Amino acid sequence: MRISKNRIFKSKIWLAGFSGATLISLLFYTFELGVSMPQKYTPLIDATMEIKLELTMAHLWFEEFINGDQYEDIQVVWEHLDMADWYAGVMLEGGQNSEGTFLPVSDDEMRLSIVAIRERISKFRQMTQLRLDERISSLSGTLMDQRYDLVFKDLITRTDAIETDLNTLIVNKLSRFKVIQVALLTTVILLSILTGLVFYSDRRKLNVSLESLASEISERKQIEKNLNKLSAAVEQSPTSIIITDTSGSIEYVNPKFMEVTGYSRDEVIGQNPKVLKSGKQPKSYYKDLWSTITSGNIWTGEFYNKKKNGKLYWESASISPIHDESGKIIQYVAIKEDITERKQAEEALKASEERFRQMFSNHDAVMLLIEPESGQIIDANRAAIKFYGYEKTQLCGMNIENINMLSSSQIAAERRRALKEEQSYFVFPHRLADGEKRIVEVHSSPVSHNKNLALFSIIHDITKRKEAEDNFSKLFNLSRDGYVISKGNGEILNPNPAFTKMLGYTDEEIMKISWRKLTPTRWLDWELKHHGTQLMERGYTDLYEKEYIRKDGTRFPVEIQAFRLDDSDNLDDLEIAAFVRDISNRKNAEIKRQELEDQLRQSQKLEAIGTMAGGIAHDFNNILQTQLLHAEIVQRQLPDDSKLNNNIRHILNAGNHARELVKSILTFSRENEVKSIPFKIQDVLSETIQMLRSIFPATIQIDANIDMSVANITGDPVQIQQIVLNLCNNASQAIGNASGIVKISLQSVRLSKRPERFGAYPGRSSLIELIVSDNGMGMSEEVASRVFDPFFTTKQVGEGTGLGLSVIHGIIKEMNGEIHVSSQAGVGTTFTLLFPTSTDGEEIDIATKTTQDQKHRWSKSVLLVEDDPDILEITRVILKDHGFVVITGRSGAEAITLLHDNFEKIDLIITDLAMPKISGLKFSREALEMLPHIPIILMSGNLDEAIEAECKELGIRTLMKPWFEIDLINEIVALSLEQSE
């Protein structure tokens with residue numbers, strides 16, 4: 001019976017050994033496949049992702065640089081391209097960096113694809129450089145951009161294909177791995193069944209084979225043989241095997257244990273496995289282990305142990321208790337496998353995932369992770385949150401359909417294409433949280449996320465670029481300048497409407513014509529030689545002028561600048577874009593501008609004369625003032641029958657004409673404000689017509705029809721005289737040397753009978769109408785519409801400035817009047833002037849009142865201040881003759897002193913304006929502070945608008961030099977009337 005038990009025990013050992021060996025072999029193969037796959041293929045997949053990432057970053061940074069945003073370092077673009085090329089290189093040759101070791105790709109077809117990717121990276125770099133060179137060109141963003149985008153899309157597509165091939169290879173390997181796992185499980189089950197059958201069979205045989213010792217010995221020998229095989233299998237196992245007693249003392253280790261740990265068998269026999277502890281795992285970990293195995297259960301887990309040389313390593317372990325026949329635990333067996341490389345691969349994968357997470361979270365580019373089937377937004381980085389304007393919880397709870405403005409079916413179709421990697425580049429309209437629409441380009445490809453597939457999308461806002469492209473398209477089609485794309489050989493590829501229109505062709509016609517045939521021969525050779533060289537050497541030409549030939553054969557000047565659109569080294573094959581502007585109007589304008597400059601020079605001469613005249617007028621007025629006042633005194637002292645009276649009268653008339661001439665000069669030089677007064681226009685016309693009859697040639701007849709009963713108008717009589725003289729002079733020039741007639745009529749007209757264009761005059765029932773007409777050469781409708789424009793004239797250079805009619809128009813407008821012209825070429829011209837009647841009521845007859853008042857003698861004191869001694873003396877005499885007590889001063893400072901000394905006596909102040917140090921206006925201000933109601937008359941030979949306005953505000957009356965005695969007395973009378981009121 002003992003022998004039978006021994007036989008049964010040996011049978012169990014043999015079966016256990018055989019099962020263990022088989023299991024260990026399958027585990028080894030499974031381990032080899034499971035560890036080698038991530039070690040070999042995970043870095044390659046990382047490399048493809050790094051290539052796409054580096055290319056995408058280069059693309060994004062370069063777009064920022066081209067668009068002129070804040071980022072300005074182009075070197076970063078080159079660094080990203082260099083890294084993409086490096087990763088492609090290590091996929092071919094292998095390599096190592098801080099992220100780990102890259103094994104080369106062995107598949108020949110895949111290697112050819114990687115070589116193509118490196119070539120495309122080089123091409124992409126060239127296209128990027130070309131775009132950089134074209135940055136100063138207004139054509140950047142057209143065909144060059146399209147080629148650039150095509151190369152970029154091709155690169156991403158090829159890299160995606162490599163990644164897909166690697167994923168497919170891993171899937172195949174994983175399939176084999178799963179098959180082996182199934183085989184392993186099946187083997188264990190079969191061995192378990194076999195062991196049970198053998199044990200059952202052994203029990204039966206034990207009962208029936210006691211009679212044959214020889215058979216038992218033979219069977220024992222077979223078991224011993226099997227045990228030897230099991231021992232050999234354990235010794236040669238690729239996994240570490242340790243057997244300990246129940247206290248944990250090591251009784252056996254196999255060679256693999258010694259190889260992995262560096263300890264010999266003698267060094268560890270009798271030792272506790274804790275000799276391998278690294279101290280990196282907590283005590284509770286080992287406590288849980290002992291609790292499991294001492295309770296009779298199998299423990300599985302991982303150890304972070306330390307070799308004899310101190311190097312740390314990871315191993316997976318399975319520790320099982322061994323029981324005797326009574327079920328008592330007598331030993332423990334541990335099967336351990338070195339998983340350091342797998343751990344490193346896992347750590348590298350974690351590091352890669354962490355880098356991706358950091359890049360995803362912190363990158364300035366907008367990034368989203370999208371569930372491909374439903375379109376649910378899984379994750380969004382900070383840039384996406386900022387761009388779309390949602391909180392992260394909101395954004396991650398949304399569907400991409402809430403952002404993408406395409407239809408649901410279109411969006412789903414695009415997701416399927418991205419998932420199948422049929423397409424990775426898209427352009428979508430996206431809506432932000434505030435409702436704003438943005439055009440974005442999306443680079444989307446599948447990635448693994450939490451063991452599931454997701455679409456990783458990089459989003460770039462290209463709204464400005466799209467707007468620029470749309471604007472360029474609008475500019476191309478709507479521009480008034482020509483724009484044409486052609487080849488150097490003369491072939492026209494794409495003209496805009498303005499180009500065809502300026503040449504007189506249709507689009508179809510001009511596409512069949514060489515631009516060289518549109519260019520006159522004398523320009524062609526020069527253009528090809530000079531500007532063709534510029535295109536080939538630097539890519540664009542200077543702005544230059546040439547001529548084109550229209551369809552009707554006429555030639556016209558154009559201005560051109562051309563740009564190259566490709567990198568062809570042959571001028572005939574080169575694609576060229578050219579801006580073409582018809583400069584016919586500019587050339588004509590240059591001629592007209594020259595004419596205007598000549599007219600302006602003439603005007604400037606007149607302006608200079610006016611400025612000089614204004615300066616002379618002031619001194620001349622003082623001279624006239626003395627002359628006129630002395631002549632008046634002499635006339636008053638002569639007997640009425642004196643022969644000298646006639647001489648004095650001529651002197652006064654000449655002085656009066658001189659005064660009016662100076663007034664006209666000041667008005668012309670714009671240094672004297674025109675004073676409007678009620679006057680009889682019929683009297684001015686009668687005097688002017690007499691003057692015209694004496695200066696007109698005998699061939700021109702004046703036909704006057706003046707209604708002497710018309711009402712007064714308000715204005716400046718001198719200006720009205722100048723207007724009539726100007727209009728009549730124009731009429732005389734229009735008649736020329738031929739016989740002709742100039743008609744002048746003045747009459748009252750009712751408003752109800754006038755055309756609406758003559759304007760409305762509220763509160764008036766009638767107007768004064770002045771008509772000046774001639775039967776001269778007349779004007780065309782176009783010329784007549786411009787006669788009142790400044791500097792417009794039909795006269796030859798030197799015959800006029802073109803200012804006359806524009807000035808007349810301005811004067812009449814200031815009088816609230818209207819002027820209209822009607823003319824017909826060859827028939828004549830008519831000017832119609834309308835004036836409102838004076839609204840001042842009954843005209844005051846100042847002369848009559850003055851005559852009456854002249855007989856009255858004032859018994860008042862006046863302070864007279866004048867720096868010119870002659871004017872001071874003659875004015876003192878006139879005032880004294882009228883009964884005034886006169887106190888005189890020759891400066892503003894002296895006048896202030898006199899005012900302080902005599903302020904109780906002074907009834908009136910008469911002061912000159914221009915005096916040294918203290919002007920008459922400043923003195924008047926101080927006088928009004930002392931005597932607020934004192935009447936003041938301010939005399940001046942040159943009174944500007946600002947001083948006139950201030951005098952009105954202060955209540956100071958002004959008297960323009962030179963004045964007659966009656967003018968001064970009239971002012972004093974007016975002051976007396978004001979005070980009496």
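Buried means under 20% relative accessible area, exposed means over 50%, and partly exposed is in between, with a 1.4 Å probe and protein chains only. Keep that handy for the tour.

What you have open is a predicted model, where local features need pLDDT of at least 70, side-chain atom pairs count only at pLDDT 80 or more, and totals for chains, interfaces and linings use all residues. Residues are numbered from 1 along each chain as its sequence is written, and side-chain values use heavy atoms, with hydrogens and water left out.

**First stop.** Select Glu267 and Lys308, a salt bridge whose closest N and O atoms are 2.8 Å apart. Glu267 sits in helix α7 (residues 265-268), while Lys308 is in the loop between β5 (299-306) and β6 (312-323), so the pair links distant parts of the chain, 41 residues apart. Helices (H or I, at least four residues) and strands (E, at least two) are DSSP runs, numbered from the N terminus. Glu267 is partly exposed at 35%, and Lys308 is partly exposed at 45%.

**Next stop.** Pick Lys813 and Glu818, which form a salt bridge at 3.4 Å, N to O. Glu818 is buried at 15%, but Lys813 is partly exposed at 40%.

**Then.** Jump to Arg957 and Glu971, joined by a salt bridge at 2.7 Å, N to O. Arg957 belongs to strand β29 (residues 957-960) and Glu971 to helix α28 (residues 965-980), so this pair ties together parts 14 residues apart in sequence.

**Last stop.** Select Glu545, Glu559, Arg586, Lys587 and Glu590 together: a network of salt bridges links them.

Note on methods. A salt bridge is a side-chain nitrogen of Lys or Arg within 4 Å of a carboxyl oxygen of Asp or Glu.
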